[in-house]
Amino acid sequence: MSDINFLGIGLAVVADMGLGAFWYSPAGFGKIWMKKMGIEKPEDLAGANQAYASSAFSALVLAIFFSYLFNIVNVQSAGHAMGVALLVWVGAIVAAVIPPYFWENRPKVIAAIYCGYKLVSVLLMAVILTSL
């Protein structure tokens, strides 16, 4: 347990949530996302508190996972961590997220926005977890 970087995990979660706040804001991809989701105004986002809580929990799980994984594979640098994170992104996140968008004929741009967000998020987490 002493190898776990609790400060890094906490900061990685905060970074993920901050990135998500920007990513889905009008300054980021929020306007496109809302349009494709059929949401006309931000007030129409029912259950946002549960969504924020689930996002924070997901970020915490991912940060803990990366902390353990980086210890297991003996990551020695931020670049190495980013490479490992990229492999996890492609092999787990993208591979799990994409198929339902095709099977359920959902807007593909929503998948692209989400996968892009998770790509930046996992790379940011990798840097934070290996820089502290």
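**Rings, a pocket and a lysine**

Guide: Let's begin with Y117, which is buried, because its relative accessible area is 8% and the cut-off for buried is under 20%. Keep in mind that this is a predicted model.

Visitor: Okay. How many aromatic pairs are there by this rule?
Guide: The count comes to 7 aromatic pairs. One of them is W23 with F29, a tilted pair with 4.9 Å centre to centre and 45° between the planes.

Visitor: Are W23 and F29 buried or partly exposed?
Guide: W23 is buried, with a relative accessible area of 12%. F29 is partly exposed, at 32%.

Visitor: And how far apart are the ring centres of W23 and Y117?
Guide: Those centres are 6.4 Å apart, and the planes are at 45°, so this pair is tilted. The pair links distant parts of the chain: W23 sits in helix 1 (residues 6-23) and Y117 in helix 5, 94 residues apart.

Visitor: Which residues do ring pairs link into a cluster?
Guide: The cluster is made of W23, Y24, F29, W33, Y114 and Y117.

Visitor: What about charges over rings? What lies over the face of Y101?
Guide: That's R106, at 4.7 Å from the ring centre. There's also K108, whose charged end sits over the ring of F102, 5.0 Å from its centre.

Visitor: New topic: pockets. How much space lies in the second largest pocket?
Guide: About 190 Å³. Its lining is D3, N5, S67, F70, N71, N74, V75, Q76, S77, L129 and T130.

Visitor: Which helices each supply at least two residues of that lining?
Guide: Helix 3 (48-72) and helix 5 (108-131) do. The largest share, 3 residues, comes from helix 3.

Visitor: What does the lining look like by class?
Guide: It has 3 nonpolar, 7 polar and 1 charged residues.

Visitor: Can we zoom in on one lining residue? Where is S67 found?
Guide: S67 is in helix 3, and S67 is buried, with a relative accessible area of 5%.

Visitor: What does S67 touch, not counting residues up to four places away in sequence?
Guide: S67 touches I4, N5, I9 and L129. Two of those names, N5 and L129, also turn up in the lining of the second largest pocket.

Visitor: Let's switch to a lysine. Where does K118 lie?
Guide: K118 lies in helix 5.

Visitor: Why does K118 count as buried?
Guide: Because its relative accessibility is 5%, and buried means under 20%.

Visitor: Which residues is K118 in contact with, leaving aside neighbours within four places in sequence?
Guide: K118 is in contact with D16, L62, W89 and I93.

Visitor: Last one: how far apart are K118 and G79 in space, C-alpha to C-alpha?
Guide: They are 17 Å apart in space, and 39 residues apart in sequence.

Definitions and conventions
Residues are numbered from 1 along each chain as its sequence is written. This is a predicted model: local features need pLDDT of at least 70, side-chain atom pairs count only at pLDDT 80 or more; totals for chains, interfaces and linings use all residues. Side-chain values use heavy atoms; hydrogens and water are left out. On a 1 Å grid over the protein atoms alone, a cavity is a set of points where a 1.4 Å probe fits but cannot get out, and a pocket is an open set with protein on both sides within 12 Å along at least five of seven lines; lining residues have an atom within 4 Å of a point. Grid points are joined across faces, edges and corners, and a volume is the space filled by probe spheres set on the points. Helices (H or I, at least four residues) and strands (E, at least two) are DSSP runs, numbered from the N terminus. Ala, Val, Leu, Ile, Met, Phe, Trp, Tyr, Cys and Pro count as nonpolar, Asp, Glu, Lys and Arg as charged, and the others, Gly among them, as polar. Buried means under 20% relative accessible area, exposed over 50%, partly exposed in between (1.4 Å probe, protein chains only). Contact means heavy atoms within 4.5 Å. Rings of Phe, Tyr and Trp (its six-membered ring) pair if their centres lie within 6.5 Å; planes under 30 degrees apart count as stacked, over 60 as edge-to-face and the rest as tilted. A charge sits over a ring if NZ of Lys or CZ of Arg is within 6 Å of the ring centre and within 35 degrees of the ring normal.
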